[in-house]
Amino acid sequence: MSMENLNPHGHDRSVEATDEARRRSAAARLFDIRRVIGGLFTAYGAIVTLIGVFDGDSAVQKAQGVRINLWAGVGMLAFGVLMLLWQWRNPVEPPETSDEER
């Protein structure tokens, strides 16, 4: 390892750059809006689907014979899973660092 590749504290600059890139990548994936929307729709869709499965006759009659909670829950669940699959298949790229930040 050459001395010019070390910072004033004796740490390798390339290792620091790699660690910084890894942190940026993790933060970009964590705050991807598709993950948040997909997770919420999946969770709420599962709850509404379960409510729709166990709806009584009075709830079905209020909706003119349609199991509206079941269908709305299945739709929400499908949308949430699609968002999560989209996020998984096409992950977000971490932002590029400018020369000034390096």
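**Reading a predicted model**

Mentor: A nonpolar surface patch of about 570 Å² is made by Ile-33, Val-36, Leu-40, Tyr-44, Ile-47 and Ile-51; a patch takes residues with over 30% relative accessible area and no salt bridge, joining like charges within 9 Å and nonpolar side chains (Val, Leu, Ile, Met, Phe, Trp, Tyr) within 5 Å. Accessible areas come from the Shrake-Rupley method with a 1.4 Å probe, and for residues only the protein chains shown count as cover. The model is predicted, local features need pLDDT of at least 70, side-chain atom pairs count only at pLDDT 80 or more, and totals for chains, interfaces and linings use all residues. Residues are numbered from 1 along each chain as its sequence is written, and side-chain values use heavy atoms, with hydrogens and water left out.

Trainee: Is Ile-47 buried, partly exposed or exposed?

Mentor: Ile-47 is one of the patch residues and lies in helix α2, residues 33-53, where helices (H or I, at least four residues) and strands (E, at least two) are DSSP runs numbered from the N terminus. Buried means under 20% relative accessible area, exposed over 50%, and partly exposed in between, with a 1.4 Å probe and protein chains only. Because its relative accessible area is 47%, Ile-47 is partly exposed.

Trainee: Which residues does UniProt list for "transmembrane region"?

Mentor: The entry is unreviewed, and UniProt positions are given in the numbering used here, with feature names shortened and annotations that may be inferred rather than shown by experiment. In the model, the chain over residues 36-56 is 86% helix and 0% strand, with end C-alpha atoms 32 Å apart, and over residues 68-88 it is 100% helix and 0% strand, with end C-alpha atoms 30 Å apart. The residues listed by UniProt are 36-56 and 68-88.

Trainee: Which residues is Thr-49 in contact with, leaving aside its neighbours within four places in sequence?

Mentor: Thr-49 lies in helix α2 and counts as buried, because its relative accessibility is 13%. A polar atom of its side chain lies 3.2 Å from the backbone oxygen of Gly-73, and a polar atom of the Thr-49 side chain lies 3.3 Å from the backbone nitrogen of Val-74. With contact meaning heavy atoms within 4.5 Å, the residues are Asn-69, Leu-70, Gly-73, Val-74 and Leu-77.

Trainee: How far apart are the closest N and O atoms of the salt bridge between Asp-32 and Arg-34?

Mentor: The structure holds 1 salt bridge, which is a side-chain nitrogen of Lys or Arg within 4 Å of a carboxyl oxygen of Asp or Glu. Both Asp-32 and Arg-34 are buried. The closest N and O atoms of Asp-32 and Arg-34 are apart by 2.8 Å.

Trainee: What is the relative accessible area of Gln-64?

Mentor: Gln-64 is placed in the loop between α3 (57-62) and α4 (68-89), and it has a positive phi of about 55 degrees although it is not a glycine. Gln-64 counts as exposed, because its relative accessible area is 75%.

Definitions and conventions:
Polar contact = N/O pair within 3.5 Å; in protein donor to acceptor, adjacent residues only side chain to side chain.
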